[in-house]
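Here is a friendly briefing to read alongside the sequence and the model.

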Amino acid sequence: MNTIVQSRSSANRVIPGFGLSLGFTLFYLALLVLIPLSALFLKTFTMSWDAFWTAVTSERVMASYRLSFGAALLGAAINVVFGGIVAWVLVRYTFPGKRFVDALVDLPFALPTAVAGITLTALYSSNGWIGQYLEKVGIKVAFTPLGVVIALTFIGLPFVVRTVQPVLEDTERELEEAAASLGASPWQTFVRVILPSIVPALLTGFALAFARAAGEYGSVIFIAGNMPMVSEITPLFIITKLEQYDYTGATAIAVVMLLASFVLLLAINLLQAWTRKRAGK
């Protein structure tokens, strides 16, 4: 009995004021997350179903959905591959300038999105440092959907690298040595020993990169060109609706984006949980 009382008292000392802290946490989350999202849905409910359906399924809006979500998925998938490679190199190898390269990974976090968009446009435009050579082989980047993919890949890279990097650092080297001693090739060791341990981190990085890219605005509008039905992203279409004082139309489109993102993130989280469950067996 005394042991139970002591454990409870020690828990109270470790986490003082739990009730007050929990109340503040719920209030803070409600103020920043729940109330704004509730207001978004309540504003949409003022529309009739026919008006809502017309607003969210027009041909121009559907084209913006395909570009925003498609480019976000593609950019996140590219980052899973190349971001994983970057994380592997930073963890497993030592080379001159490693700290500088490691710091560069966080550049999309620190760089203002508008600056990133202008920089990418200057690089990939027809007279840019890179774009002028790509156009010679028939590849146009700036003011096309390809430019949107590049911008979203740029801003999503840190999410994958910083998610996978600590997992790789904690991976037990003894397992790799054991696999090698049993005759496994380097490729077999990577696929059967290392990859299963980092798949949940890769999925988490993918989800974070996708969530950031789906709603990205500043780094995309400059390089996209914003041509309707071609390179117009959904966030820009929402801004256009707001500038036209069509608030209900803007919130309707925003609700669709929010629900689609939630569904995809839920699916990724379920897949991640299933992967961890299989790895634990």
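F143 sits in the loop between helix 8 (131-136) and helix 9. Helices here are DSSP runs (H or I, at least four residues; strands are E runs of at least two), numbered from the N terminus. This is a predicted model, in which local features need pLDDT of at least 70, side-chain atom pairs count only at pLDDT 80 or more, and totals for chains, interfaces and linings use all residues. Residues are numbered from 1 along each chain as its sequence is written, and side-chain values use heavy atoms, with hydrogens and water left out.

- Most residues other than glycine have a negative phi, and most peptide bonds are trans.
- F143 is not a glycine, yet its phi is positive, at about 65°.
- F143 is partly exposed, with a relative accessible area of 36%; buried means under 20% relative accessible area, exposed over 50%, and partly exposed in between (1.4 Å probe, protein chains only).
- Y245 is another residue other than glycine with a positive phi, near 60°.
- Y245 belongs to the loop between helix 13 and helix 14, and Y245 counts as exposed at 64% relative accessibility.

**How helix 4 meets helix 5**

- Two packed helices are described by the angle between their axes and the distance between the axes.
- The axes of helix 4 (residues 59-92) and helix 5 (residues 98-105) come within 11 Å and cross at roughly 145°. These axes are lines fitted to C-alpha atoms, for helices over the stretch in contact, and angles run from 0 to 180 degrees between N-to-C directions.
- On the helix 4 side, V86, L90 and V91 meet K98, V101, D102 and V105 of helix 5; contact means heavy atoms within 4.5 Å.
- The residues of this contact between helix 4 and helix 5 divide into five nonpolar, no polar and two charged. Ala, Val, Leu, Ile, Met, Phe, Trp, Tyr, Cys and Pro count as nonpolar, Asp, Glu, Lys and Arg as charged, and the others, Gly among them, as polar.

- T234 is in helix 13, and T234 is buried, with a relative accessible area of 0%.
- Which residues does T234 touch, leaving aside its neighbours within four places in sequence? The contacts of T234 are S64, Y65, S68, I253 and M257.
- L203 has its place in helix 11 (residues 186-214) and is buried, with a relative accessible area of 16%. The C-alpha atoms of L203 and V167 are separated by 12 Å, and these two residues are 36 residues apart along the chain.
- F82, found in helix 4, is exposed, with a relative accessible area of 51%. F82 and L157 are 75 residues apart in sequence but 8.4 Å apart in space, C-alpha to C-alpha.
- L266, in helix 14, is exposed, with a relative accessible area of 51%. From C-alpha to C-alpha, L266 and A207 are 9.4 Å apart in space, and they are 59 residues apart in sequence.

**The largest pocket**

- Rolling a probe the size of a water molecule over the atoms shows where empty space is left.
- On a 1 Å grid over the protein atoms alone, a cavity is a set of points where a 1.4 Å probe fits but cannot get out, while a pocket is an open set with protein on both sides within 12 Å along at least five of seven lines; lining residues have an atom within 4 Å of a point.
- The largest pocket has a volume of about 320 Å³. Grid points are joined across faces, edges and corners, and a volume is the space filled by probe spheres set on the points.
- Residues lining the largest pocket include L40, A211, P235, A254 and F262.
- Which helix gives the largest share of the lining of the largest pocket? Helix 14 does, with six residues.
- The lining of the largest pocket divides into ten nonpolar, two polar and no charged residues.

**The largest cavity**

- A search of the whole structure finds one cavity of 30 Å³ or more, and the largest cavity has a volume of about 40 Å³.
- Among the residues lining the largest cavity are S68, V148, E216 and P235.
- Helix 9 (145-170) and helix 11 are the elements that give two or more residues to the lining of the largest cavity.
- Seven nonpolar residues, one polar and one charged make up the lining of the largest cavity.
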